[in-house]
There are 2 protein chains.
Amino acid sequence: MPNLMKQRNAAGKLIEFGMVRHTADEIAHRTHADKGDHQSPFQGQGKILLALSQADGLSQKELATRLNLTAQSTAEFVNKLVKKRLVTKEKSTADRRKTIIRLTDLGRRTATKESAKVPEFLNVLSDEELDQLTAILTKINASLYDEINTANPTWFKNLQGSVADHLRDWFL
Amino acid sequence: MPNLMKQRNAAGKLIEFGMVRHTADEIAHRTHADKGDHQSPFQGQGKILLALSQADGLSQKELATRLNLTAQSTAEFVNKLVKKRLVTKEKSTADRRKTIIRLTDLGRRTATKESAKVPEFLNVLSDEELDQLTAILTKINASLYDEINTANPTWFKNLQGSVADHLRDWFL
DNA sequence: CAATTTAATCAGGGGACCTTATTATATTTT
DNA sequence: AAAATATAATAAGGTCCCCTGATTAAATTG
């Protein structure tokens with residue numbers, strides 16, 4: 001079993017990392033002041049954009065399912081995106097209950113832009129440390145996947161899907 | 001200069017870590033279903049509780065300053081905490097403009113409970129990996145502190161304070 | 001055709017924050 | 001001391017992220 005003290009140290013650093021990065025993010029938003037555009041790509045409207053950039057023309061229900069959101073939340077975010085002219089809604093002709101959501105050009109550009117950039121703080125690490133970090137995170141992620149899968153297989157599948165989608169863009 | 005490919009790998013893993021941990025957290029909340037009790041200790045009401053557990057009897061203004069919140073947000077959170085009987089408000093006799101906030105017993109217990117527990121996923125790491133992770137996070141955190149300090153010295157000071165407060169409990 | 005399931009919407013609510021007034025209660029200045 | 005200014009807290013209203021419950025419209029089933 002691993003040394004408890006070492007675990008505690010690492011945990012402390014992780015907590016610190018969480019706090020510090022949170023603040024750094026806030027500063028980034030507030031400073032850059034991109035106006036209404038300060039959303040994380042993993043939440044709310046950003047989430048929708050990301051999903052659509054990977055599979056355009058989904059119905060609201062499909063979006064909700066993939067993103068583990070309720071139909072109502074999904075509708076809310078979609079409507080906001082429509083107002084911003086980032087997506088469009090149209091009734092499916094095949095099944096008139098369904099509403100198909102599509103990215104506009106602007107929406108696609110926005111989604112792409114959000115998507116990828118290497119955090120600057122990785123610049124302070126050596127090659128060796130980067131490898132170590134990658135290996136460690138791989139282990140940690142595997143363990144978390146496990147935990148999630150045990151607790152809620154549905155979420156696990158959805159999560160796998162969106163991680164894969166996101167990282168596919170990221171790595172090519 | 002570090003290898004770009006290695007940076008990208010690490011960045012990808014970090015992004016994945018972010019997504020996965022987010023989901024794991026949600027499951028923890030939803031599953032445990034502690035009712036109204038699903039707040040991060042670094043935001044909103046939780047933030048207030050944490051600050052008070054470190055220095056009870058602050059005025060709202062002092063809280064706002066320490067936590068980089070507006071007086072209005074602070075008031076909102078405090079009022080919600082009052083409703084939940086986690087804190088009390090009373091007028092300062094020395095300066096009747098001020099309102100002093102104090103933790104109730106329940107509040108103190110809640111704050112303490114929130115505060116410390118080693119994330120389970122650290123169990124999958126070896127001693128060596130724990131050391132590596134600690135070293136890496138130390139570097140990353142230092143770099144983020146730097147960035148924050150440059151951008152906003154005030155926030156930097158406040159952040160230092162709350163990190164110190166939080167970690168003091170954590171390490172003893 | 002009647003009953004049921006499904007996709008969306010409406011209404012309403014909680015939590016995190018913010019901006020723009022106002023209202024008390026000091027503290028200064030004249 | 002009276003007037004002017006600064007400070008602590010409120011009130012009101014907004015945005016964003018999410019959810020539950022109730023209702024409507026269209027499709028599927030029996």
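How many residues of chain A are in contact with how many residues of chain B? In this predicted model, 59 residues of chain A are in contact with 58 residues of chain B, where contact means that the C-beta atoms of two residues, placed from the backbone, lie within 7 Å. Because the model is predicted, local features need pLDDT of at least 70 and side-chain atom pairs count only at pLDDT 80 or more, while totals for chains, interfaces and linings use all residues. Residues are numbered from 1 along each chain as its sequence is written, and chains are lettered from A and ligands numbered from 1 in the order in which they are written.

Chain A has 7 helices and 3 strands, which follow one another along the sequence as α-α-β-α-α-β-β-α-α-α; helices (H or I, at least four residues) and strands (E, at least two) are DSSP runs numbered from the N terminus. Strand E2 (residues 87-91) of chain A pairs with E3(A) in the antiparallel sense over 5 bridges, and A:Lys89 stands opposite A:Ile101 there. Strand E1 (residues 58-59) of chain A also pairs with strand E3 (residues 99-103) of chain A in the antiparallel sense, over 2 bridges, with A:Ser59 opposite A:Ile100; strands count as paired if DSSP finds at least two bridges between them.

The side of chain A that touches chain B draws at least two residues from each of H1, H6 and helix H7 (153-170) of chain A, and H1(A) gives the most, with 21 residues. By class, this side has 32 nonpolar, 17 polar and 10 charged residues, with Ala, Val, Leu, Ile, Met, Phe, Trp, Tyr, Cys and Pro counted as nonpolar, Asp, Glu, Lys and Arg as charged, and the others, Gly among them, as polar. Since 98% of the interface residues of chain A are also interface residues in chain B, the copies meet through the same surface. Chain A can be laid on chain B with an RMSD of 0.2 Å by a turn of 179° and a shift of 0.0 Å along the axis, and the two copies are thus related as by a two-fold rotation axis; the superposition is by least squares on the C-alpha atoms of residues with pLDDT of at least 70 in both.

The largest nonpolar core has 34 residues, of which A:Leu133 and B:Leu133 touch the most other members. Such a core is a set of buried Ala, Val, Leu, Ile, Met, Phe, Trp, Tyr and Cys residues joined through C-beta atoms within 7 Å, and a residue is buried if 20 or more other C-beta atoms, placed from the backbone, lie within 10 Å of its own. Helix H1 (4-32) and helix H6 (127-151) of both chain A and chain B give two or more residues each to this core. Leaving aside residues up to four places away in sequence, B:Leu133 touches A:Ala10, A:Ile136 and B:Leu125.

DNA strand D is surrounded by 25 residues, the closest being A:Gly44, A:Ser73, A:Arg96, B:Gln60 and B:Lys61, and here H4(A) gives the most, with 5 residues.

Key: Buried ≥ 20, exposed ≤ 12 C-beta atoms within 10 Å, placed from the backbone. Near = placed C-beta within 6 Å.
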